[in-house]
Protein chains: 2
Amino acid sequence: MSNHSDLSIIKIGGNIIDDPARLDAFLEKFAALPGKKILVHGGGKIATRLAADLGLEAQVVDGRRITDAEMLKVVTMVYAGLTNKSIVAYLQKYSCDAVGLSGADGNAIKAVKRPVGEIDYGFAGDILADSVNEHAIKRFLESGFTPVFSAITHNGLGQLLNTNADTIASALAVGLASSYNVSLLYCFEKDGVLRDVNDDSSVIEVIRSGEFESLKANQVVHAGMIPKLQNAFDAIAKGVVDVFIGNADNLHHYQQQKFGTRLSA
Amino acid sequence: MSNHSDLSIIKIGGNIIDDPARLDAFLEKFAALPGKKILVHGGGKIATRLAADLGLEAQVVDGRRITDAEMLKVVTMVYAGLTNKSIVAYLQKYSCDAVGLSGADGNAIKAVKRPVGEIDYGFAGDILADSVNEHAIKRFLESGFTPVFSAITHNGLGQLLNTNADTIASALAVGLASSYNVSLLYCFEKDGVLRDVNDDSSVIEVIRSGEFESLKANQVVHAGMIPKLQNAFDAIAKGVVDVFIGNADNLHHYQQQKFGTRLSA
């Protein structure tokens, strides 16, 4: 272990954001976590609903939203506006000194507009190896603020971009790994990585990187989990201390290092 | 003069925000201003249009918008989301290290929900004498960031509130007057305070507080300007160095202290 201070980066998605009672309970637990921390939140159904109310049709190709100019306005309004500021106001209620950010704020996260290939994804932003502005984010953290990132970035030339929240969370973790002992937590709908996908109590406590190949080969983990785990071990290979995958409702167990499945080197 | 550093607080309104070309030109000039600075922006027509598109009817009583729960969502999305992040992305393009904030972020500005009297204004926030969190805003400024405030505040208990942008600008100016030499700039549609309301070239260069009463008595300034001037001199009485009232298009003249009409003690 280095003598850097600890930093927890926690990503929540639509299943929490779309449920006000669960979101409130989660934010109270998040606020109570000691030490430096960053929250990254995805979108949820509010943007889809707003787009529908405005007569825009949500286009999704290969699980990725096509972001045309009107849809970019919608996601900027919802993610960086309504959802982000509502979360910040709740965290302040719970005495967590949150600051809501997009990648444009403080030039914290730059992305590039996804190149047009067979599909034109519109204003979708891809994260590159140097996308995370470590210096900017450290200034927020060292000032005592808790950054809350929405999944909106910019290209540095005035253009906002819609970006995947999971990717932002892992890019932040990797980008800050040389300054902090970073733990990355992905919250999803299950209590952890399951040994038996039909048995919610079959959570695997720890997976070491050396075990991952054999788990894959023996089909011990559900095929749908493989990309998530691969991304996690990639982050660990780049200096992130550990990655936890679990249920946001159980965040209070994280202080005892007992949150879902822990992945480490 | 104290040995504090200078701070310029600049407020722009709908006439600039609703005109992309003017907004872009203004932001380039704002970015070029040396020294510490804060931008405060109002709403503009986008929120009204979005509300109409969603079938909400904008209710205005005595020039103040009634903010019901649905309208609060709309203004939070537009002011704190779309408008704020678009401005920040443009300022970053112009190498100004902007951070877009609501009053909830960093607990920077707290307000109280306007008490229900004859009229229920809904989620409208009133600024009090201790609303501005000087310590929080100094942390942003001293970290080298340029805060960009939307006109959304919070009550500290998780509730966002819609707040008048002019009031936010003057509250920030007064709240930071003991830490900085604060100049407050109000941008509006005229080049300054006019001696003759029908002659746009009749800008009064300087008004000292001692002259204000006689200007009022002699009806030298347009009646509609009196409340603006009164608020400005109130801010000066509370420690703000000077207040400028002028046209955002002329911001580049401010470096020579030649922006519109200058009010001072």
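In this predicted model, strand 13 of chain A, which spans residues 242-247, has six of its six residues buried, so the strand is largely enclosed by the rest of the structure. Burial here refers to a relative accessible area under 20%. On one pairing, strand 13 of chain A runs parallel to strand 11 of chain A (residues 181-188), the two being joined by six bridges, and within this pairing A:L184 stands opposite A:V243. Strand 13 of chain A also pairs with strand 14 of chain A (residues 261-264), this time in the antiparallel sense and over four bridges, with A:I245 having A:T261 as its bridge partner.

We turn now from the strands to the contact between the chains. How many residues of chain A are in contact with chain B? There are 38 on chain A, and they meet 38 residues of chain B. The size of an interface is often given as the accessible area lost when the parts come together. For chain A and chain B that buried area is about 2900 Å², with 68% of it on carbon and sulfur atoms. A:M77, A:K85 and A:R139 supply 20% of the area that chain A buries against chain B, more than any other three residues.

Polar and charged groups also take part, as 13 residue pairs are in polar contact between chain A and chain B, and the count of salt bridges between these chains is four. In one of these salt bridges, A:D97 is joined to B:R139, with their closest N and O atoms 2.7 Å apart. The elements of chain A that give two or more residues to the side touching chain B are helix 3 (45-53), helix 4 (69-93), strand 5 (98-101) and helix 5 (134-142), and of these helix 4 gives the most, with 14 residues. Taken by residue class, the side of chain A that touches chain B divides into 18 nonpolar, 13 polar and seven charged residues.

Notes
Residues numbered from 1 in each chain as written. Chains lettered and ligands numbered in written order. Predicted model: local features only at pLDDT ≥ 70, side-chain atom pairs only at ≥ 80, totals over all residues. Heavy atoms only, no water. Contact = heavy atoms within 4.5 Å. Buried area = accessible area lost by both parts, 1.4 Å probe. Salt bridge = Lys/Arg side-chain N within 4 Å of Asp/Glu carboxyl O. Polar contact = N/O pair within 3.5 Å; in protein donor to acceptor, adjacent residues only side chain to side chain. Nonpolar A, V, L, I, M, F, W, Y, C, P; charged D, E, K, R; others polar. Buried < 20%, exposed > 50% of the residue type's maximum accessible area, 1.4 Å probe, protein only. Pairing = 2+ DSSP bridges.
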